[in-house]
Amino acid sequence: MTDLTTKLYSMDELSKEYERLIAGVEKPGRYCGGEFNSVVKDWTETSVRVVLAFPDIYEIGLSHQGLRLLYHLINQEEDYVAERVYAPAHDLEEKLQSTGLPLFSLETRRPLSAFDLIGFTLQYELSYTNILNMLKLSGIPWRRAERGEDHPLVIGGGPGSFNPEPLADFFDLFLLGEGEEAVLEILALCVEAKRKSRTKMELKRELMKVPGVYLPEFYKVVYKQDGTVESITPLDGAPARVEKRVIADFNKAFIPDTEIVPYIETIHDRLMLEILRGCSRGCRFCQAGMLYRPVRERDEQLIIDSIEKILKHTGYEEVSLTSLSSTDHTRIRDLIGVLTDCYSPQGINISLPSMRIDAFSPELAESFQGGRKASLTFAPEAGTDRLRRVINKNLTHAEIIQATRAAFEAGWQKLKLYFMIGLPTETDEDLDGIVALAREILENGQRIHEKRRGQVRVTVSVSTFVPKAHTPFQWRPQITVEETLEKQERLRAGLRGRGLQFSWHEAKTSQLEGVFSRGDRRLGRVLEQAVALGCKFDSWDDWFNWEQWCAAFQGCGIEPEFYTARRRFYDEVLPWSHLSPGLDLDYLIAEDQRAEKAMLTEDCRTGKCPGCGVCPSLKVTPKTAGGGVNI
Amino acid sequence: MCYQISGPARFISHLDIIRTLGRALRRAGLSIAYSQGFHPLPRLSLGPPLPLGIESTAEYADLVFTEAYPGEEIKSRLNTSLPLGLEVTEVKAVKEKVRSLTSAINQLDYEYLIKIPISKGSAGDEDSLTKCLQELWGREELLATKMKKGVEKVVDIRALWKGYHLSNVKEGLYRLKLEVEYGPAGTIRPEDLLPFLPSACTVERIRRVGAWIVRGDHKKTPLGILGT
Ligand code: SF4
């Protein structure tokens with residue numbers, strides 16, 4: 001680790017040094033800060049300073065809605081500062097290392113060690129190496145045990161905190177669930193701790209009382225001979241089970257009235273307004289659907305007013321109505337109608353992040369694409385009706401054919417179909433189902449576009465199913481690399497021919513994701529070794545280095561297959577058993593068993609509650625904005 | 001309209017500047033005209049692209065509004081909506097159509113701030129810059145290597161070099177003003193000159209300081225030419 005203490009710079013000198021570094025890298029716009037609506041505060045007038053860290057590059061990180069929200073939520077309070085940092089790309093990292101300068105925040109170019117808290121968002125497992133790397137570039141010890149009183153508290157949030165065990169040795173605390181209220185409660189305790197000169201340990205004991213806060217050091221994990229967990233014991237009065245935070249009244253939740261407008265283009269360079277939270281369709285593979293229940297829709301008028309305000313402050317030319325499944329909003333059609341009428345004369349486009357096949361309408365899709373007919377994406381997820389019932393995706397072959405036909409008839413020529421391979425109970429028949437479905441759709445397209453047959457294109461994009469914690473499939477084995485390659489080969493062979501295209505995910509990347517998504521604390525060592533061997537940006541194909549990872553696993557005497565290829569038992573103590581999104585174990589087991597029988601389970605928005613447990617255990621109820629439920 | 005680029009904004013590419021200005025106009029509530037078609041774009045066009053990382057006091061843009069605002073109003077409203085490093089310095093409102101900036105502008109001026117370490121008793125270092133420029137100016141051919149679509153190409157930039165002026169700011173610090181042609185025959189990018197400077201020099205800063213429309217003996221800025 002670079003020793004940063006040997007070089008002491010004044011803030012001014014540092015700033016100049018950084019200026020020089022930034023000017024010499026590929027995309028200086030990633031690091032220069034100063035974007036419109038970014039907030040720069042005078043530190044002497046505040047008491048707690050947070051740096052929000054996204055463990056991937058700027059273009060991805062700035063697009064993340066959760067961090068955008070927290071940034072403004074925290075900065076809205078006079079007493080707090082929130083700044084930002086993203087993972088530096090390779091070129092800046094090299095320069096930081098060669099100069100010995102620490103990684104810095106965008107707003108005031110302070111090293112991360114100058115902050116009271118570092119808040120990492122845990123969006124995907126393959127960003128974990130970047131977290132350690134960012135700490136390393138900041139001169140902050142990875143391991144919590146090696147950090148002292150003066151080091152910042154390292155905090156994690158986002159879906160990864162529902163099984164953060166591979167990171168348990170590095171973080172001080174994780175926040176489970178929604179952050180709008182809890183983050184302010186945490187910060188208030190930090191202010192108090194500072195005022196009363198509390199030690200870190202004293203502060204942690206206070207933080208322990210905040211619902212949703214998980215402090216990994218207060219849990220002792222004992223393993224059995226076979227490597228499974230024997231017990232997880234809370235220490236010093238820590239709660240036996242940490243339950244997630246959930247905003248009961250989503251209409252009252254914080255909505256920033258502004259957004260940072262970047263200088264350079266980011267992946268989601270537009271206004272994103274969350275129109276509903278949660279999803280109750282109950283797809284059995286989907287972790288987000290399980291973690292963010294119940295469904296809560298925002299009122300139409302609130303959405304319209306917020307968009308108006310944010311547009312005024314940002315000048316964005318596109319508005320995306322986001323959520324896990326935006327066409328589920330009961331008032332979606334009216335909402336889009338009102339917004340389009342109001343904004344399209346001003347050249348502002350309204351869009352949705354995705355559209356369900358059964359809610360597809362050519363008119364809507366056309367308005368989203370601003371009249372162009374670019375490629376359209378549909379997600380049948382599986383190749384046969386049976387397998388779709390296994391995953392509780394209530395979508396039939398006939399519906400898929402109907403929607404794709406409608407798309408061709410409305411003028412689209414290029415469709416993209418998204419599937420998963422390796423789903424529980426999958427057989428060759430299901431894979432062949434993908435091929436047959438793609439071919440049928442292609443033929444329909446060619447028939448409809450008779451005169452331009454050659455331009456009709458169907459792209460089949462497959463990812464490998466990775467079972468995730470807190471889903472009905474959390475006990476299921478993941479397919480191996482070999483199986484993945486075989487299945488991909490079968491599809492590739494079937495999808496040869498004019499008009500068909502096939503794209504797939506790197507099999508080994510999915511294995512690594514699988515290890516960490518259902519991993520335990522012993523993986524912390526593997527992560528450290530991997531980072532030491534140079535692993536980073538694992539979700540980027542050109543950086544991913546499986547050989548180094550294998551070396552790291554071997555070096556720690558850990559077999560990755562233990563985490564991926566093993567069928568777990570229902571009564572096994574899972575590494576995340578003490579962390580709860582509010583779901584009943586019985587519900588998850590029942591859902592897994594219904595999957596085996598290819599039985600559908602209803603969506604609770606119909607009024608029939610299949611009893612996932614969230615509402616009674618967290619004392620919340622699903623809420624719609626008053627329109628008819630569209631199942 | 002004339003505007004400046006400094007600080008973080010110098011890292012914005014040409015395309016990103018267009019988007020940034022478009023958003024600032026919306027924030028300012030100024031009703032810019034839109035192009036026809038299903039995907040309307042604001043009618044705003046810029047002068048010659050500024051190389052990334054270089055500041056400028058002489059950037060020009062043409063904007064078409066649907067309402068007749070006084071120039072001062074556009075300037076003040078836009079300036080409150082622009083991000084750090086972008087500032088409008090002058091706006092001239094005209095009714096008639098104007099020639100596109102990229103075809104009208106044919107000269108660009110750059111200013112280099114050059115540092116030369118002064119070692120005692122060797123005034124030679126300071127002289128070397130003056131001499132070097134004289135020598136370069138006297139040459140018939142100046143071959144610079146440029147990247148064009150990923151391939152290296154050697155081009156003669158001498159013909160595009162219109163003039164220069166070197167002045168002393170303080171001990172060891174010089175200001176070099178370079179006048180270059182801009183047009184169908186090409187242009188000199190400020191970094192093209194760097195390999196020719198004496199190795200003892202360090203270039204502290206480069207700025208674009210002028211964009212001109214030269215017709216015979218007349219030399220006017222794009223705003224200066226309006227209304228004449
Ligand atoms: S408890 Fe019932 S109503 Fe509440 S989210 Fe779960 S399934 Fe839906």
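Me: Ground rules before we start: what counts here, and how is it numbered?
Reply: In this predicted model local features need pLDDT of at least 70, side-chain atom pairs count only at pLDDT 80 or more, and totals for chains, interfaces and linings use all residues. Residues are numbered from 1 along each chain as its sequence is written, chains are lettered from A and ligands numbered from 1 in the order in which they are written, and side-chain values use heavy atoms, with hydrogens and water left out.

Me: Which domains does chain A have?
Reply: Domain 1 covers 4–243, domain 2 covers 373–512 and domain 3 covers 523–557. The bounds come from an automatic or database domain assignment.

Me: How do domains 1 and 2 of chain A sit relative to each other?
Reply: Their centres, taken over C-alpha atoms, are 39 Å apart. Four residues from domain 1 of chain A and five residues from domain 2 of chain A make the contact. Contact means heavy atoms within 4.5 Å.

Me: How much area is buried there?
Reply: About 340 Å², with carbon and sulfur atoms giving 64%. Buried area is the accessible area (1.4 Å probe) that two parts lose on being put together, summed over both.

Me: Which residues of domain 1 lose the most?
Reply: A:E125, A:L126 and A:F162. Together they give 90% of what the domain 1 side buries.

Me: How many salt bridges cross that interface?
Reply: One, by the rule. A salt bridge is a side-chain nitrogen of Lys or Arg within 4 Å of a carboxyl oxygen of Asp or Glu. A:K468 and A:E125 meet in a salt bridge at 3.3 Å, N to O.

Me: Switch to chain B. What is it built from?
Reply: Four helices and 12 strands. Those are DSSP runs, helices being H or I with at least four residues and strands E with at least two, numbered from the N terminus. The C-alpha trace of chain B spans about 65 × 40 × 35 Å along its principal axes.

Me: What share of chain B is buried?
Reply: 43% of its 228 residues. Buried means under 20% relative accessible area, exposed over 50%, partly exposed in between (1.4 Å probe, protein chains only).

Me: What are the domains of chain B?
Reply: Domain 1 (2–91) and domain 2 (107–215). Their C-alpha centres lie 29 Å apart. Domain 1 of chain B puts 11 residues into the contact, and domain 2 of chain B puts in 13 residues.

Me: What about the buried area between those two?
Reply: About 950 Å², 60% of it from carbon and sulfur atoms. The count of salt bridges between them is one. B:E59 pairs with B:R208 in a salt bridge, closest N and O atoms 3.0 Å apart.

Me: Now the chain interface. How many residues of each chain are in contact?
Reply: 21 residues of chain B and 27 residues of chain A. The buried area is about 2000 Å², and carbon and sulfur atoms give 56% of that. In chain B, the residues losing the most area to chain A are B:F11, B:R23 and B:R27, together 35% of what that side buries.

Me: How many salt bridges are there between the chains?
Reply: Five. One of them joins A:D269 and B:R23, with the closest N and O atoms 3.2 Å apart.

Me: Which helix of chain B gives the most to that side?
Reply: α1(B), with six residues.

Me: Local site next. Is A:R388 buried or exposed?
Reply: A:R388 counts as buried because its relative accessibility is 1%. A:R388 is found in helix α12 (residues 385–390) of chain A. A polar atom of the A:R388 side chain lies 2.5 Å from the backbone oxygen of A:A382.

Me: Last one. Why is α17(A) described as largely enclosed?
Reply: Because seven of the 10 residues of α17 (residues 523–532) are buried. Among them are A:L523, A:V526 and A:L527. The buried residues pack against α5 (128–137), α16 (507–517), α18 (546–555) and α19 (561–564) of chain A.

Me: What comes just after α17(A)?
Reply: A:G534, with a positive phi of about 105 degrees.

How values were computed
Polar contact = N/O pair within 3.5 Å; in protein donor to acceptor, adjacent residues only side chain to side chain.
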